[in-house]
Amino acid sequence: MLKIIIPTIMLIPLTWMSKPNMIWINTTTYGLLISLISLFYLNQPNDNTLNSSLMFFSDSLSAPLLALTTWLLPLMLMASQHHLSKEPLTRKKLYISMLILLQLFLIMTFTASELIFFYILFEATLIPTLIIITRWGNQTERLNAGLYFLFYTLMGSLPLLVALLYIHNFMGSLNFLMIQYWIQPLPNSWSNIFLWLACMMAFMVKMPLYGLHLWLPKAHVEAPIAGSMVLAAVLLKLGGYGMMRITTLLNPLTNFMAYPFMMLSLWGMIMTSSICLRQTDLKSLIAYSSVSHMALVIVAVLIQTPWSYMGATALMIAHGLTSSMLFCLANSNYERIHSRTMVLARGLQTLLPLMAAWWLLASLTNLALPPTINLIGELFVVMSSFSWSNTTIILMGINIIITALYSLYMLITTQRGKYSHHIKNIKPSFTRENALMTLHLLPLLLLSLNPKIILGPIY
Amino acid sequence: MAAGLLGLGARRLLAVAATRGLPVAHVRWESSSSRAVIAPSAVAGKRTPEPTVRWQEDPDPEDENLYEKNPDSHGYDKDPVVDLWNMRVVFFFGFSIVLVFGSTFVAYLPDYRCMGCPREWNGMQEWARREAERLVKYREANGLPIMESNCFDPSKIQLPEDED
């Protein structure tokens, strides 16, 4: 694991000591090389874990998430180059350092083997993200957004700290690899119910669960592009990853404790998808779509069947790439018209046909078109939830329909139809933007050819 | 090939048009094959009049159009050399190194799921399928039965002596 961590740490001196015109080139290059190294961890020969050291390990669940995190850093750098071009040099370097620091914490979070270490890094990821949102966001609402983001997550995770310390006291160790073998069924008592709640609420807030999702539209909308990308693609998956790890300790309470959260997720999926149909703000639409997709992951993780775990893992990776790509597309609009309103930049297909192709592909993957991994994830989750309870298929079916509706609504509003006459002021697409979209899309399509690496440890 | 918006040089035209408006004619030209005429505008120095209301979609005067100074801009930087090298670096390391080598690495990953104890973990299925096809092909070609009903070779089994 050090072969990823040390190069990531060294990216920080690289940004501060590079020549001013080379900072972006250097960081993007080395970021891409680090992502190449992280692919080695996808070689997971069996159900067991690859233990790099006493502190780090990688699993079939954490390796794809690790690859996603390291792949995203160069993409974030490419996406941020334009809006930072007018900033003074020190501020650019600071921004890049924040991104690298966030990447470092995320890598360590996904590979931490001890749960307190995981918790510390889970909280540590909040700080660079908060700085990115509140310092470099574009509107005044960013301060409110940062506040919501920080405090929702902190409120959820403070009980988690207490719960982890209790479990450590009780079991003797919190090393995830060891407690797997020491688990005993948790007897049903009030204090264990609170223990269950304490463990899970942090991840529920992070996912986010429907009732606790208010921070997400604010944070995603107010964050600059790199902030939105990393929030949507990786930070939400921290919640899913954490849930999948911690539910191993909490059986059999999950059987009945899960019900309220299942209800919230199943209903919340439909609610947030429906809200998407009424959005005028493009980034807000994509943010609510993230809530909807993550609600599927919550349902999958709470059901705890082999198929649902496979679906949850696949859906996390697929949604990471798709959502990040949609935010990049929204940003390419924003950089031209300085507004997130969808109807202000409509009929773009006539002017920017290549960008329209990326919009089409991103919308198609968002609505889970076969044979993409989005479909594999959604389908596995729908099937396993049907076997858990037959009635859920109605809700899941409605959600799939509404997802298709709002994805196509977004596509049609921005790309099709008659353009406004302001379209003549829109500059042609840059190579940078097309490369960014391709770098998002190609891994997604390549994974459709070989999905077994993202199906997680149960495959 | 694709004319109009997709034509060669159309990008430059669009880029210029985005901030400076469409170029105007300076001389009069009449087509010999049709009745088309392109003429300089009758009112001298005419440009689209300044709009009285500023719309959200109007181009931001502080926005720099990277295409103005460098019509071949790739969108990375104002400096054309840095811009070009940034583009090359992204394409080389992003596509040629990571995507190509990464995909090759992932495609050639060994057959998943516990190579050590395949029966328990349902592993080595792809190998098992290939091996079965190979054996079937060999046995059919040589006229041998595809499978024998004996699991082990009967001649190699040594039974203990019959004891009366």
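Two residues are in contact when heavy atoms of theirs lie within 4.5 Å. The exercises below apply to a predicted model.

**Exercise 1. State where A:S324 lies, decide whether it is buried or exposed, and list which residues it touches.**

Solution. 
1. Locate the residue: A:S324 is part of helix 14 of chain A.
2. Apply the cut-off for burial, which is under 20% relative accessible area. A:S324 counts as buried because its relative accessibility is 0%.
3. Set aside residues up to four places away in sequence; A:S324 then touches A:L72, A:M229, A:A233, A:H319 and A:H440.

**Exercise 2. Compare the span of helix 17 of chain A with the expected one, then find which of its residues are buried and which helices they pack against.**

Solution. 
1. Helix 17 of chain A covers residues 373–388, 16 residues in total.
2. From first C-alpha to last, helix 17 of chain A reaches 22 Å, close to the 22 Å expected at 1.5 Å a residue.
3. The buried residues of this helix are A:I373, A:N374, A:I376, A:G377, A:E378, A:F380, A:V381, A:V382, A:S384 and A:S385.
4. Their packing partners in chain A are helix 13 (282–303), helix 14 (306–337), helix 16 (353–366), helix 18 (392–415) and helix 19 (431–449). Helix 14 is also the element that holds A:S324.

**Exercise 3. Describe the fold of chain B by its elements, its burial and its contacts.**

Solution. 
1. Count the elements: chain B has five helices and two strands.
2. Read their order from the N terminus: α-β-β-α-α-α-α.
3. Take the burial: of the 164 residues in chain B, 23% are buried.
4. Consider contacts in chain B between residues at least 6 apart in sequence; 16% of these join residues at least 24 apart.

**Exercise 4. Characterise the interface of chain B and chain A by its contacts, buried area and polar pairs, and find which elements of chain B contribute.**

Solution. 
1. Contacts involve 49 residues of chain B and 52 residues of chain A.
2. About 4600 Å² is buried between the two chains, with carbon and sulfur atoms giving 67% of that area.
3. On the side of chain B that touches chain A, the elements giving two or more residues are helix 1 (10–20), helix 2 (66–69) and helix 3 (80–107) of chain B.
4. Helix 3 of chain B supplies the largest share of that side, 18 residues.
5. By residue class, the side of chain B that touches chain A holds 31 nonpolar, nine polar and nine charged residues.

Definitions and conventions:
Residues numbered from 1 in each chain as written. Chains lettered and ligands numbered in written order. Predicted model: local features only at pLDDT ≥ 70, side-chain atom pairs only at ≥ 80, totals over all residues. Heavy atoms only, no water. Buried area = accessible area lost by both parts, 1.4 Å probe. Polar contact = N/O pair within 3.5 Å; in protein donor to acceptor, adjacent residues only side chain to side chain. Helix = DSSP H or I, 4+ residues; strand = E, 2+ residues; numbered from the N terminus. Nonpolar A, V, L, I, M, F, W, Y, C, P; charged D, E, K, R; others polar. Expected span 1.5 Å × (residues − 1). Buried < 20%, exposed > 50% of the residue type's maximum accessible area, 1.4 Å probe, protein only.
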